[in-house]
Amino acid sequence: MSMKLLRSDIFNIARNTWDFFKSYPLFLAIFYVCTITSFGGSFFEDGLYIAKAKSIIQDFDYNVINQVDSTFQWLVTKEYFHPTQHTEVQTPALVILRYLEKILFNTSFEEEFLLGSLALSLFCLYYGFLYCGRILKHFGEENFSYSFALFFSSTVFMYFSIFYLNVSEIFSFPLTAYLLSIVLLKKKVVTVGEALCFSICSAVLLISKSIYFLPFILSTYYILFKNKENKTTAIFIMVTALMSVTYYINMLDQFGGVELLGGAAETFLDFSFSNFFRTFIFGGFSLGGLFSSNPSYLPALVFALVFIYKLYKKNYDRFILLLLLLWLAAGFSQTVFIIGDVVNDQFPGRLILTVLPLLLIGFYYFYKGITNRWIKVLLSISFIGIHLFSLINYLAISKIGHYQYATQRVVRSYLEFERIIDSALFNIEIANYNFSYIAIWSFIIFLLFKISKKKLFFSFNIGTASLLLLFCFLSYSKSEINTTEYFERNKGLKESVVIGNSGEVYFYNYINDSLEFRMRETDDTTLRSEIIVRRKKYYDIIKKNLLKSTPEFDDILDNYIFYYGYYKEDK
């Protein structure tokens with residue numbers, strides 16, 4: 001080999017290595033910033049997604065009664081499970097990532113599950129954006145990265161991706177985007193690998209959240225009537241059946257059967273036009289409302305409808321377009337018919353993220369339609385500024401108390417704002433102290449991503465489905481023994497718990513908390529009276545559906561004390 005060829009080979013290796021790693025500093029910077037925003041007890045939703053993963057690791061079951069704080073242990077199901085509506089679909093990823101954390105750092109990292117949760121969030125963002133981009137490319141569009149970034153940073157999409165991790169809407173984002181890319185691009189699902197990936201995405205969405213029933217119907221229709229491949233159809237049916245069985249067994253294990261809200265639904269639903277108008281107008285455009293806090297939502301909604309109309313003009317299947325419209329409508333109306341002025345509890349807009357792919361596509365067409373560069377700049381600054389104003393106020397005010405944001409939407413003093421600064425400085429200090437862990441973890445994730453980016457999404461889906469089956473079997477076989485032993489060791493707890501016998505009781509904390517927020521939020525005396533009447537009816541339903549109560553809880557029900565629950569101390 002000549003020296004010239006040798007130098008050429010060395011140069012090519014060096015160049016390829018540089019190309020491989022040149023984006024790592026940016027990835028590390030993103031991961032570092034996300035770590036700062038996520039440190040602390042609020043980086044996971046109620047702790048329950050993390051608690052389920054902990055329970056699988058520690059006990060091989062889904063009963064989180066011994067993982068939750070003692071404050072939350074007062075209410076159990078008739079199977080002595082801690083009642084929760086949080087599903088298990090994120091558990092496999094969190095468990096695997098936690099094991100990777102432990103292998104790398106043992107137990108020395110400051111916040112367990114945090115690095116894994118961040119990696120999962122970034123994974124979901126990458127593949128969600130990737131498949132949304134493929135849809136737009138199919139229709140001849142390009143340069144959509146900036147509109148995606150603007151939508152991300154001017155809505156709660158950002159908050160639930162890097163501040164408040166592990167919400168189901170972010171986990172479901174790449175799944176819905178992938179399914180939509182297959183359907184809208186009219187791609188044939190032929191190979192076993194394609195059929196498994198498509199089927200798992202669809203089935204996991206089905207057992208994740210009720211609104212994802214619409215994307216599931218979309219997938220089913222596409223496979224049965226558009227794809228028309230017998231092998232793919234058989235795999236789709238098999239995977240759907242298996243995932244549905246895991247859902248039913250987990251419900252049976254936790255509740256003794258499939259439990260829904262039942263009679264409790266009438267407690268908070270109001271289909272009157274006056275409630276719809278009040279919720280949409282005041283909940284949407286008042287200070288801290290849905291659209292005033294998330295300025296990109298409204299144009300995204302309008303232009304998502306325009307996009308669907310364009311598909312209609314291109315003679316896309318009418319039933320598919322109807323399902324897209326229903327899905328979009330469901331995303332925006334999930335809480336419109338709940339009694340009260342607010343569209344969503346606390347910082348509004350999370351539930352709208354269930355239709356993220358359609359919103360991103362719609363917002364792209366809105367942004368593309370603005371031809372003047374300076375108007376784009378002004379709009380970008382305005383949208384991000386409006387959202388950050390709402391977000392900063394929410395973060396500061398929510399530190400005062402759980403229900404404080406119901407009555408106060410703007411910081412009133414520097415002392416209230418100072419809480420955010422102190423928290424940020426504390427998080428930066430912790431992040432700097434743990435920087436070596438952050439650097440090592442982000443580098444490992446970066447390597448895995450670079451090496452297997454094309455196969456990672458497929459592997460993720462196969463792993464999720466396989467582990468959901470395994471964890472379901474483990475939990476069903478272990479939970480009864482583990483629960484019996486736990487309460488034998490904690491006989492005082494067993495004597496003091498309230499035992500429910502229906503969904504109305506099991507979801508008491510969620511329903512009561514939601515209505516308490518709405519009660520405090522409104523100044524309308526008529527509305528407050530209506531909420532009180534409904535809550536009294538709800539308490540009467542609860543009284544009839546208890547297997548065991550306590551004198552304290554009986555007093556709560558008899559005297560209609562509504563703030564009792566997760567946040568009973570926050571009066």
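**Close-up views of a predicted model**

**View 1. Asn 461 and its neighbours.** Leaving aside residues up to four places away in sequence, Asn 461 touches Leu 175, Cys 197, Ile 200 and Cys 201, where contact means heavy atoms within 4.5 Å. Asn 461 belongs to helix H21, residues 435-489; helices (H or I, at least four residues) and strands (E, at least two) are DSSP runs, numbered from the N terminus. With a relative accessible area of 2%, Asn 461 is buried. Here buried means under 20% relative accessible area, exposed over 50%, and partly exposed in between (1.4 Å probe, protein chains only).

A word on the model before the next view: it is predicted, so local features need pLDDT of at least 70 and side-chain atom pairs count only at pLDDT 80 or more, while totals for chains, interfaces and linings use all residues. Residues are numbered from 1 along each chain as its sequence is written, and side-chain values use heavy atoms, with hydrogens and water left out.

**View 2. Helix H10 and what covers it.** Helix H10 takes in residues 213-227, and its 15 residues should span 21 Å at 1.5 Å a residue; the end C-alpha atoms are 20 Å apart, which agrees. The expected span is 1.5 Å times one less than the number of residues. Among the buried residues of H10 are Leu 214, Phe 216, Tyr 221, Tyr 222 and Asn 227. Their cover includes helices H8 (168-184), H9 (192-206), H11 (230-255) and H16 (318-333).

**View 3. A salt bridge between Glu 169 and Lys 209.** The closest N and O atoms of Glu 169 and Lys 209 are 2.7 Å apart; a salt bridge is a side-chain nitrogen of Lys or Arg within 4 Å of a carboxyl oxygen of Asp or Glu. This pair links distant parts of the chain, 40 residues apart, with Glu 169 in helix H8 and Lys 209 in the loop between H9 and H10. Glu 169 is buried, at 0% relative accessible area. The whole structure holds 14 salt bridges.

**View 4. Two salt bridges within helices.** In helix H4 (residues 91-105), Arg 98 and Glu 101 sit three residues apart, about one helical turn. Their side chains meet in a salt bridge at 2.7 Å, N to O. Arg 98 is buried at 8% relative accessibility, and Glu 101 is buried at 2%. In helix H25 (residues 525-543), Lys 543 and Asp 540 are likewise three residues apart, and their salt bridge is 3.7 Å, N to O. Lys 543 is partly exposed at 35%, as is Asp 540 at 31%. Salt bridges that share partners also join Lys 54, Arg 98, Glu 101 and Glu 112 into one network.

**View 5. A three-stranded open sheet.** The strands run in the order E1-E2-E3, with mixed pairing. Strands E1 (75-76) and E3 (546-548) are the edges, each pairing on one side only. E1 and E2 (residues 498-500) run parallel and are joined by two bridges; strands pair if DSSP finds at least two bridges between them. Val 76 has Ile 499 of E2 as its bridge partner.
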